[in-house]
Amino acid sequence: MKKILILLTALTMFGAIDANAQEDAQFKKWEHNFYVSTGLLIDCYGGGSSFLYDDRRCDNGVTVKAGYGLNHYFSEKYSLMLGAAIRGDLALVEEEKERDSDCDALGFLDIPLIFQWHFVKNNANGNWMVGIGPMVSCRTYKDTYQNYGGRWIPDHPIEDYEKIKSAYFSLTPCAAYETKHLRIGIDASIGLSNVNISYPGHDTGNKFLHNICATFGVRF
């Protein structure tokens, strides 16, 4: 009888340990995400050095990107995603603004790090997620100053010079509805640093890039 009690106690303890191990494994789950996004580009430029500066103009345009995110769950509700995405930006300029616009066509490699809060993790009926975090964007396309819209004259001192810096920083809020294998939502990028390159003797002003996109992704 004593041996049976010892055996039952041992089995109970091992069962509890195994349950805890399974629970920990669930909390530390790694998740793969592939997604595509498209939406509105807001290309703001003008004088001064702050993205809140009053003397600025904004061109609207199109943003398209495709990316991958590796998500690590710390618990049922909290996770951290490190990602990488290829993004293309194209400013669409109204005819009456063409002389004052810089008509950008830009390309970037985005590397976001997003802290996420999940309302209910792995709910078969779906659940909501919100997130926010920093992002560094590295330029992949060399856009240069040209004689567009009559703004620059031929042989201007900075003609053919690069417009923007090799990297800039953004803040990236997002929200999505998640099912077992799908994620549908919106995300934004709020540019925090001036991307224009400054050249001595020539006022290139400042530029801040923002966007808001609809996102569709698969996760597993």
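Phe 115 is partly exposed in this predicted model, with a relative accessible area of 41%. Buried denotes under 20% relative accessible area, exposed over 50%, and partly exposed the range in between (1.4 Å probe, protein chains only). Phe 115 belongs to strand S4. Strands are DSSP runs of E, at least two residues long, and helices are runs of H or I of at least four; both are numbered from the N terminus. Contact means heavy atoms within 4.5 Å. Gly 131 lies 16 residues from Phe 115 along the chain, and their C-alpha atoms are 5.4 Å apart.

The model is predicted: local features need pLDDT of at least 70, side-chain atom pairs count only at pLDDT 80 or more, and totals for chains, interfaces and linings use all residues. Residues are numbered from 1 along each chain as its sequence is written, and side-chain values use heavy atoms, with hydrogens and water left out.

The chain holds one helix and 10 strands. The order from the N terminus is α-β-β-β-β-β-β-β-β-β-β. Of its 220 residues, 38% count as buried. Among contacts between residues at least 6 apart in sequence, 65% join residues at least 24 apart.

The largest nonpolar core has six residues: Leu 106, Phe 108, Ile 164, Tyr 168, Val 195 and Leu 209. Such a core is a set of buried Ala, Val, Leu, Ile, Met, Phe, Trp, Tyr and Cys residues joined through side-chain atoms within 4.5 Å. Beyond its neighbours within four places in sequence, Phe 108 has contacts that include Ile 164, Tyr 168 and Leu 209.

One cavity of 30 Å³ or more was counted. A cavity is a set of points on a 1 Å grid over the protein atoms alone where a 1.4 Å probe fits but cannot get out; lining residues have an atom within 4 Å of a point. The largest cavity has a volume of about 390 Å³, taken as the space filled by probe spheres set on the points, which are joined across faces, edges and corners. Its lining comprises 29 residues, with Tyr 35, Met 81, Cys 174, Arg 183 and Asp 187 nearest the centre. Strand S9 gives the largest share of this lining, six residues.

Methods. On a 1 Å grid over the protein atoms alone, a cavity is a set of points where a 1.4 Å probe fits but cannot get out, and a pocket is an open set with protein on both sides within 12 Å along at least five of seven lines; lining residues have an atom within 4 Å of a point.
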